[in-house]
Amino acid sequence: MDNHQKRNLTFFTIGLIFMLSGVEYAVILPTIWSYLQILKAPPYFLGLGLSAFSLSGLLTGPLFGFWSDRSKTTKSIILFSNLFEIAGNFMYFIGYSKWLLLCSRLVAGVGAGAGSSIFGFLTRSTRPEERAGIFAAIMACRQVGLLVGPAFNLFLRLCDFKLGPFAVNKYTSPGIFMCLLWVLLQFVVLAAYRDAPPVSTEGGAVMMEMKQEEGDEEEVPLMGSDEEPVHTYRAVSSNQTETSASSEMQPVHGCISVFHSAEFLREEVVVLLTAQFITLFNQTALETMVTPLTQRYFSFGELGNSLMYSLCGVEVILGFFFVRWLSTKVADRAVLATGLVICSTACIWCIIFLCNPRGGYEWELVAFIIGVFLQLLGLPFVAVSQVSLFSKVTAEKTQGFSQGVRRSVGGLATILGPLWAGGLTANLYIMLGMMLALLLMITVMTVLSYDRLAEPRAVQSAQSSDSGG
């Protein structure tokens, strides 16, 4: 196979990993509460079980990211992390007690921490102009998993047999089913995944030849700003000697903790991390709110909610692919601003028409559908653009660790979002009011930092044109 085919197979494997994470969420979520009730668990164990997965991913993400930055490989990390998914889902299948079930989600969540290494790999192996499109496709894969997951439940709920000493029923079958899928994925990763060299490294020789022909002695930085040393972010060109490379890295390793602190305190990075937190906080809060709302106002049962979630999944997938196309035409920061405007509009609509519904069943249902549609419409715009921008304004050398921090911020949001919404489903003005306040805050932050929310080369070009004018 040529390099192009190997690259496509690797991206296909990454897509499978994200799709399986969506399938796992979709097959376990519908039955976990009933499973806990059988095990005599108190109600708060549902929240603990759902949060445990996010908590362990939050803690391990930066560690896996740091590992990939140091080793410059991702395949071994994926294989290692998948062992935790396999073990966690097998523990879920055994399910002797509520504590084992809780530990199973905690162990499986460790496997999710490898996502930071994967995003770091994607950043290093893609060009900036194609990155948003690839991120959109990868995120859409998880939504595909969320969409097809309920279809697996159609036959999993019919399981009723013994596997040795273990009972396979509608509660335990999701665990053994996901365990087998993660085992199969191990073989796919071994066969199809390749740790491709960084794009900047491959292009380094060409870049140096061009600079020599032009007689330009200025180094082209991968990223950076006027306040920071350029060598911290410089791409390593292929014709650099090992001596110069090692001497380049020594000061970086010597002050790595200082560097990381400064990295995440820069204005544009703070804005993007805030956008990550607010987006996932609002999304999980709305997911928590929707089911009680449809039951209270529209008497939706299991079938109605399943149909609603399926339609929502289709919309989100189409939205990701639309953003994939749009990212080739429009700058990431413009996509981010558009998404924030759409999400703010959706939140205002929900406050006006859903907090105190009037006008009869038909109008209330239409208002609800419009509110959900607008909220889901804005999600892909914000999600893709902030991930793509984050990969461009943070250093390539520590991209795995940086993506781990970003995903940890998102993990914290997925823990706090349901906790916030769960206690306020009967007081939507307070719940939605806080969500709107957060959206308005990040929108103002984005406007004020708009000039800095771009690839550093674009920022430098804009600054030089302004000074030249």
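Student: Which helix does threonine 443 lie in?
Tutor: Threonine 443 belongs to helix α17 (residues 428-448). This is a predicted model, where local features need pLDDT of at least 70, side-chain atom pairs count only at pLDDT 80 or more, and totals for chains, interfaces and linings use all residues. Residues are numbered from 1 along each chain as its sequence is written, and side-chain values use heavy atoms, leaving out hydrogens and water.

Student: What does the side chain of threonine 443 reach?
Tutor: The backbone oxygen of leucine 439, at 2.7 Å. A polar contact is a pair of N or O atoms within 3.5 Å, one able to donate a hydrogen and the other to accept it; residues adjacent in sequence count only if both atoms are side-chain atoms.

Student: Which residues does threonine 443 touch, not counting those up to four places away in sequence?
Tutor: Leu340 and Ser344. Contact means heavy atoms within 4.5 Å.

Student: Where is the kink in α2?
Tutor: At threonine 60, shortly before proline 62, with a bend of about 35°. The bend is the angle between axes fitted to the seven residues ending there and the seven starting there. In α6, a kink of about 30° lies at valine 148, shortly before proline 150.

Student: How do the axes of α3 and α4 cross?
Tutor: The axes of α3 (residues 75-94) and α4 (residues 98-112) come within 7 Å and cross at roughly 160°. That makes α3 roughly antiparallel to α4. The cut-off is over 145 degrees; under 35 is roughly parallel, 65 to 115 roughly perpendicular, and the rest oblique.

Student: What is the handedness of the crossing of α3 and α4?
Tutor: Left-handed. The near helix is then turned anticlockwise from the far one by less than a right angle; clockwise would be right-handed.

Student: Which residues of α1 and α5 meet?
Tutor: Among them, Phe11 and Ile14 in α1, and Ile118 and Phe119 in α5. The axes of α1 (residues 3-38) and α5 (residues 115-124) come within 12 Å and cross at roughly 150°. These helices are therefore roughly antiparallel to each other.

How values were computed. Helices (H or I, at least four residues) and strands (E, at least two) are DSSP runs, numbered from the N terminus. Axes are lines fitted to C-alpha atoms, for helices over the stretch in contact, and angles run from 0 to 180 degrees between N-to-C directions.
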